[in-house]
Amino acid sequence: MRIVGLTGGIASGKSTVSNLFKSHDVPVVDADIVAREVLRKGSGGWKKVVAAFGDEILLENGEVNRPSLGQIVFSDPDKRQFLNRLLAPYISRGIFWEILKLWMKGYKVIVLDVPLLFEAKMDRFTKPVIVVWVDPETQIQRLLARDKSGEEDARNRINAQMSLDVKRGKANIVIDNTGSLDDLNQQFLKVLVEVTWPLTWTEFSCSRQGVFTILASVASGLVLFVKAFNNHSRTS
């Protein structure tokens, strides 16, 4: 099984690339969706966060007010790291189960979409790693246009993440999203060919089909060995 890492920065266009993979029938495990489930009212993650940050981060229906929580942690690195430590075990467990479900369905290539792929050291489990990159000025302008937030808040959110230039240096594949949507689509199609290339033997052996093939080969070998042993015993 090939687990492709996909990351980027806020307003870099990572979600657009993630949706392109989905539209080409490549399954995506989205860490943001897992994180939303982790914070669902009554869950273990929800209880931890409410105990740490208080009821003021809750909406009237008891769900976490994610924008409100985001404003708190993006402006305070200590609180952001504390929140990450609180939720990391729950998010990691959720991602594992999503990958396992896709493995059981027999998918050979999946995409792991994680904004904090490098920060959480999850890049160790993915190859290749794709980074969706834009230059800093494009990033800030797109974020301001998208969220209609103030520039100070936008810069705080960008600075709270590892810089895209650093991420680009750690990537196996870089998608430059400073151009048009057509430019992005053309780059994506080339990347799609690269990541869906036939699996290596190591990757195949970790897929469901590979495991079953290995087990079948071992079982066949045992049957042949038993038959040969019995035939030898009869002739002795």
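Which residue forms a salt bridge with Asp-147? Keep that one in mind while we get oriented; the tour comes back to it at the last stop.

**Stop 1: the whole chain**

Start with everything shown as a cartoon. You are looking at a predicted model. The protein chain has eleven helices and five strands. Colour by burial next: of its 236 residues, 41% count as buried. If you draw the contacts with a separation of 6 or more, 72% of them come from residues 24 or more positions apart.

**Stop 2: helix 4 and helix 5**

Select residues 66–74, which are helix 4, and residues 77–104, which are helix 5. Two packed helices are described by the angle between their axes and the distance between the axes. For this pair, the axes come within 6 Å and cross at roughly 125 degrees, which means that helix 4 is oblique to helix 5.

From helix 4, pick Leu-69, Ile-72, Val-73 and Phe-74; they meet Pro-77, Lys-79, Arg-80 and Leu-83 of helix 5. In this contact, six residues are nonpolar, two are charged and none is polar.

**Stop 3**

The whole structure holds eight salt bridges. For one of them, select Asp-113 and Lys-14, whose side chains meet with an N to O distance of 2.7 Å. Asp-113 sits in strand 3 (residues 109–113) and Lys-14 in helix 1 (residues 14–23), so this pair links distant parts of the chain, 99 residues apart. Is this pair buried or exposed? Both Asp-113 and Lys-14 are buried.

**Stop 4: Glu-37 and Arg-40**

Move on to Glu-37, which forms a salt bridge with Arg-40; their closest N and O atoms lie 3.2 Å apart. Glu-37 counts as partly exposed because its relative accessibility is 45%. Arg-40 is partly exposed too, at 42%.

**Stop 5: back to Asp-147**

Finally, select Asp-147 and Arg-146. Here is the reply to the opening question: Asp-147 forms a salt bridge with Arg-146, and the closest N and O atoms are 2.8 Å apart. Asp-147 has a relative accessible area of 27%, so it is partly exposed. Arg-146, at 48%, is partly exposed as well.

Methods: Residues numbered from 1 in each chain as written. Predicted model: local features only at pLDDT ≥ 70, side-chain atom pairs only at ≥ 80, totals over all residues. Heavy atoms only, no water. Helix = DSSP H or I, 4+ residues; strand = E, 2+ residues; numbered from the N terminus. Buried < 20%, exposed > 50% of the residue type's maximum accessible area, 1.4 Å probe, protein only. Contact = heavy atoms within 4.5 Å. Axes fitted to C-alpha atoms, helices over the stretch in contact; angles between N-to-C directions. Parallel < 35°, antiparallel > 145°, perpendicular 65-115°, else oblique. Nonpolar A, V, L, I, M, F, W, Y, C, P; charged D, E, K, R; others polar. Salt bridge = Lys/Arg side-chain N within 4 Å of Asp/Glu carboxyl O.
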